Amino acid sequence: MAKMWAGRSSGITDSIADDFNSSISFDSRMYKQDISGSMAHAAMLAEVGIISAKDADDLIDGLQGILDDIESGKLEFDPGCEDIHMFVEQVLTERIGDTGKKLHTARSRNDQVALDLRMYLRDEAAELDTLIRELTEVLVSVAEKNMGAVMPGYTHLQRAQPILFSHHIMAYAMMLLRDKARIVDAAKRMNISPIGSCAFAGTTYHTDRGFEAEKLGFDGISQNSIDGVSDRDFCLELMSAIAILMMHMSRLSEEIVLWTSWEFKFVELSDSYTTGSSIMPQKKNSDMAELIRGKTGRVYGDLMALLTTLKGLPLAYNKDMQEDKEAVFDAVDTVKMCLKVMTPMIDTMKIIPENMRKAANEGFINATDLADYMVKKGLPFRNAYKISGSIVADCIKRGLVLDTYPLEDYRKYSELIDKDVYDEINIDNCVEKRISAGGTSSISVKAQIAWVKAELEA
């Protein structure tokens with residue numbers, strides 16, 4: 001079948017080349033944006049007198065009919081068409097005759113696809129914003145409901161200091177707020193209309209790019225027609241933000257995998273978000289968390305693929321740029337799926353505070369508080385640090401913990417130590433004493449929760 005671009009050549013290509021060149025299998029998802037963009041273009045052409053008002057009405061009515069038929073299932077995409085743009089134009093011309101051929105005046109597929117992609121990703125960014133908000137709200141809710149749960153905080157995956165479980169969870173809420181802001185920022189820079197740049201050099205027609213941009217909800221127009229059609233940094237910026245978001249979800253997933261193991265048993269996931277083993281009947285696997293962790297690598301790959309595709313392209317448009325869509329679509333689809341799974345998984349997760357406290361009471365995570373106690377009594381920190389370490393070593397040798405270490409043995413190391421030491425090294429007191437802004441005391445964590453809520457409302 002001859003193509004709509006036939007002229008310089010016959011427009012007849014080998015079937016293998018057709019399949020290789022075609023993008024309709026993946027760019028058809030942009031049909032709404034393509035049709036609404038074409039409606040705005042037809043309105044602009046009539047506004048400036050390039051076509052008649054009647055022609056514009058016929059074009060817009062015809063496009064609306066195509067949109068309605070696609071959404072009702074009456075009209076299916078033709079895999080024989082190169083892309084969504086040619087499909088829409090071909091169906092339009094079949095339905096309304098030669099008037100349909102006027103639609104492509106003063107534009108090219110180069111600026112048309114750039115327009116469609118910006119509009120599509122703008123919509124997706126708005127949905128991502130909502131999904132991140134929902135996950136953040138769930139994290140805040142979990143933190144609020146479990147304020148009394150004390151757990152060991154870790155560095156190097158070694159028990160370090162006692163913290164509130166809520167404090168730990170709120171760290172992820174803070175990360176997600178930044179992820180949300182990055183996606184919102186990316187969407188702002190994305191919201192510039194390239195339509196009217198044509199192939200890359202502009203057009204000889206007196207068009208009104210601003211009219212078309214405003215009609216489509218853009219904040220302005222691209223100021224350089226070459227840039228308008230030949231860069232995909234808006235894809236890369238969104239994908240970068242998505243990759244960072246996936247990294248944060250992967251870290252949380254890794255902790256959930258650890259916490260659900262028998263070695264930790266800090267939390268238990270709902271059966272709805274776990275699987276079993278085909279041969280080991282005792283198993284309850286955190287597969288959803290593992291998949292989120294695994295899919296992070298996939299999103300990184302999408303970003304690297306597009307960065308690599310674009311890095312050596314001369315200006316302006318090159319066919320290589322067709323590779324942008326599958327990469328960015330996959331990244332967006334993947335992160336949306338992960339967010340939709342993680343939010344209810346966290347929401348239905350059972351917290352086991354008694355196991356957290358048991359772990360917090362072991363591992364000498366109040367040793368720093370013992371050193372601070374002696375510092376407050378007038379001992380230099382380095383001396384106090386050494387004494388605390390020596391006491392820990394003796395506890396390990398004798399099968400004791402700091403809370404059960406006899407006072408007379410404490411006083412062998414320093415006469416500054418008195419019976420009030422047991423209040424100082426009490427796990428709950430260790431937590432509540434950390435009153436600095438952003439710290440782990442309940443007062444501080446409640447302030448963090450209030451701050452995140454205010455940010456979400458703003």
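Let's start on the outside of helix H15. Its face turned away from the buried side carries Arg382, Tyr385, Lys386, Ile396 and Lys397, which are exposed. Exposed means over 50% relative accessible area, buried means under 20%, and partly exposed is in between, with a 1.4 Å probe and protein chains only. Helices are DSSP runs of H or I with at least four residues, strands are runs of E with at least two, and both are numbered from the N terminus.

A word on the model. It is predicted, so local features need pLDDT of at least 70 and side-chain atom pairs count only at pLDDT 80 or more, while totals for chains, interfaces and linings use all residues. Residues are numbered from 1 along each chain as its sequence is written, and side-chain values use heavy atoms, with hydrogens and water left out.

Back to H15, residues 381–398. It has 18 residues and reaches 26 Å from first C-alpha to last, close to the 26 Å expected at 1.5 Å a residue. The expected span is 1.5 Å times one less than the number of residues. Which residues of H15 are buried? They are Ala384, Ile387, Ser388, Ile391, Val392, Asp394 and Cys395. Why one face? An α-helix has 3.6 residues a turn, so residues three or four places apart point the same way. The cover over the buried residues of H15 includes helix H14 (367–376) and helix H16 (407–413). After H15 comes Gly399, with a positive phi near 70 degrees.

Look again at Cys395. At 0% relative accessibility, Cys395 counts as buried. Its sulfur is 14 Å from the closest cysteine sulfur, in Cys430, too far for a bond. A disulfide needs a pair of cysteine sulfur atoms within 2.5 Å. The structure holds 0 disulfides.

Now helix H4, residues 53–72. Its 20 residues should span 28 Å, and the end C-alpha atoms are 28 Å apart, which agrees. Buried residues in H4 include Leu59, Leu63, Ile66 and Ile70. The buried residues of H4 also fall within an arc of 165 degrees, so they line one face. Turned away from that side are the exposed Ala53, Lys54, Asp61 and Ser72. Helix H3 (31–47) and helix H5 (84–96) are among what covers the buried residues of H4. Gly73 follows H4, and its phi is positive, near 90 degrees.

Next, the cores. A nonpolar core is a set of buried Ala, Val, Leu, Ile, Met, Phe, Trp, Tyr and Cys residues joined through side-chain atoms within 4.5 Å. How many residues does the largest one have? It has 83, and Leu121, Phe165 and Met249 are among those with the most contacts inside it. Helix H10 (residues 233–259) gives the largest share, 15 residues. Apart from this core lies another, of 23 residues, including Met39 and Leu75. Contact means heavy atoms within 4.5 Å. Leaving aside neighbours within four places in sequence, Leu121 is in contact with Met190, Phe234, Cys235, Leu238, Val328 and Val332.

Last, the whole chain. It comes to 19 helices and 6 strands. Buried residues make up 50% of the 458 residues. The C-alpha trace spans about 100 × 50 × 40 Å along its principal axes.

Terms used:
The arc is that of the directions from the helix axis to the C-beta atoms.
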